[in-house]
Amino acid sequence: METGSPDDTGAADTTDAAHPARTEPERNDPAQNEPEQNDPARTGPARNEPVWTGLPPGLLRMRRLLLVVWLGLLTVAAALLPGLFLGPLWAALALPPLALLLWGWMMLERNWRSWRYAERADDLLISRGVLWREETVVPYGRMQLVEVTSGPVERHFGLASVQLHTAAAATDATIPGLDPAEAERLRDRLTELGEARSAGL
C-alpha cells in the first residue's frame, strides 16, 4: 500500500524549481573573486610613474647659512654706519636688506623642495624650479662624462654634486647637494648604464 501521495513529489519539485538560485552563490566564480588591484586599468598608470628622490636637508642648511652671512652683514652695516654718521633715522636703511633676508629664507626652502630626480629604465629625469618649472631628460646612451664635485663649503656640510655631460650641451645637468655616498653611487650607476646603452647602439 502506497503511503505517499503525488502531491508530495510535486511539492518537492516546485520547491526546488521555485528557488533554483539558492545554491548558485556558493559556487566560486574566479572572475568575481579577483581582487581589484589586479585590474590593469587601476595599476597600469601607477607602474609608469617615476620614483622621485629629493635632495637632503643639508643643502638647505648650507644655502640658508650663506644667505644669513651675506645679507646679515649687509643689514648690520646698513643699520650701524648710517645711524652713527648721519643720525638714528638713517638706520631704517637696514629694513630693505632685512626684508630680503626673510623673503630669501622662505624661497630657499621652496626651491630646495622643488629639486628631485628619478632613475628610469632608459633615462634620468631632473625636475626643479618654483615659478618656472624645468624638467630635464638625460638619456643614458648620450652620457659622455659623469663626475662628482665638492667645493670647500660643500665639504664642510658633507655634500657633493653630480655633473652630467652629454653629447648635446642642452641636456647637460647637475644634481646639487647630495650625500657623498649617494653621489658616488649615482655616478657609478649612470656611467655603467651609459656604457651599456652606448655599446648597444
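Arginine 187 counts as partly exposed, because its relative accessibility is 27% (buried means under 20% relative accessible area, exposed over 50%, and partly exposed in between, with a 1.4 Å probe and protein chains only). In this predicted model, the side chain of arginine 187 meets that of aspartate 188 in a salt bridge, at 3.3 Å from N to O, where a salt bridge is a side-chain nitrogen of Lys or Arg within 4 Å of a carboxyl oxygen of Asp or Glu. Aspartate 188 is likewise partly exposed, at 44% relative accessibility.

Arginine 185 forms a salt bridge with glutamate 182, and the closest N and O atoms of that pair are 2.9 Å apart. The two residues stand three apart in helix α7 and are therefore separated by about one helical turn; helices (H or I, at least four residues) and strands (E, at least two) are DSSP runs, numbered from the N terminus. Arginine 185 is partly exposed at 35% relative accessible area, and glutamate 182 is partly exposed at 23%. Both belong to a network of salt bridges that links Glu119, Glu182, Arg185 and Arg189.

## Basis and confidence of the model

Residues are numbered from 1 along each chain as its sequence is written. Because this is a predicted model, local features need a pLDDT of at least 70 and side-chain atom pairs count only at pLDDT 80 or more, while totals for chains, interfaces and linings use all residues, and side-chain values use heavy atoms, with hydrogens and water left out.

The protein chain averages a pLDDT of 78, and 71% of the residues score at least 70, pLDDT being the predictor's confidence in each residue, from 0 to 100. Where pLDDT is low, the predicted coordinates should not be read in detail.

## The four-stranded sheet

An open sheet of four strands has the order β1-β2-β3-β4, with antiparallel pairing; two strands pair if DSSP finds at least two bridges between them. Strands β1 (53-54) and β4 (134-139) stand at the edges with a single partner strand each, so one side of each is left without a neighbour in the sheet. Four bridges join β2 to β3, which run antiparallel, and the bridge partner of alanine 118 is leucine 125 in β3.

A salt bridge of 2.7 Å, N to O, joins the side chains of arginine 120 and aspartate 123. Arginine 120 is partly exposed at 32% relative accessibility, whereas aspartate 123 is buried, with a relative accessible area of 12%.

## The β6-β7 hairpin

Strands β6 and β7 form a hairpin with six residues between them, pairing in the antiparallel sense over four bridges. In β7, leucine 178 is the bridge partner of alanine 160. Five of the six residues of β7 (residues 173-178) are buried, so this strand is largely enclosed by the rest of the structure.

Serine 161 lies in β6 (residues 160-166) and is buried, with a relative accessible area of 6%. Its side chain and that of glutamate 154 are joined by a polar contact of 2.9 Å (a pair of N or O atoms within 3.5 Å; within protein, one must be able to donate a hydrogen and the other to accept it, and residues adjacent in sequence count only if both atoms are side-chain atoms). Leaving out residues up to four places away in sequence, serine 161 touches several residues, including Thr174, Ile175, Pro176 and Gly177.

## The nonpolar core

The largest nonpolar core has 28 residues, and those with the most contacts inside it are Leu124 and Leu164; such a core is a set of buried Ala, Val, Leu, Ile, Met, Phe, Trp, Tyr and Cys residues joined through side-chain atoms within 4.5 Å. The elements that each supply at least two residues include α5 (95-114), β3 (123-128), β6, β7 and α7 (180-200), while α4 gives the most, with five residues. Leaving aside neighbours within four places in sequence, leucine 164 is in contact with residues including Leu124, Ile126, Val138 and Leu190.

Conventions. Contact means heavy atoms within 4.5 Å.
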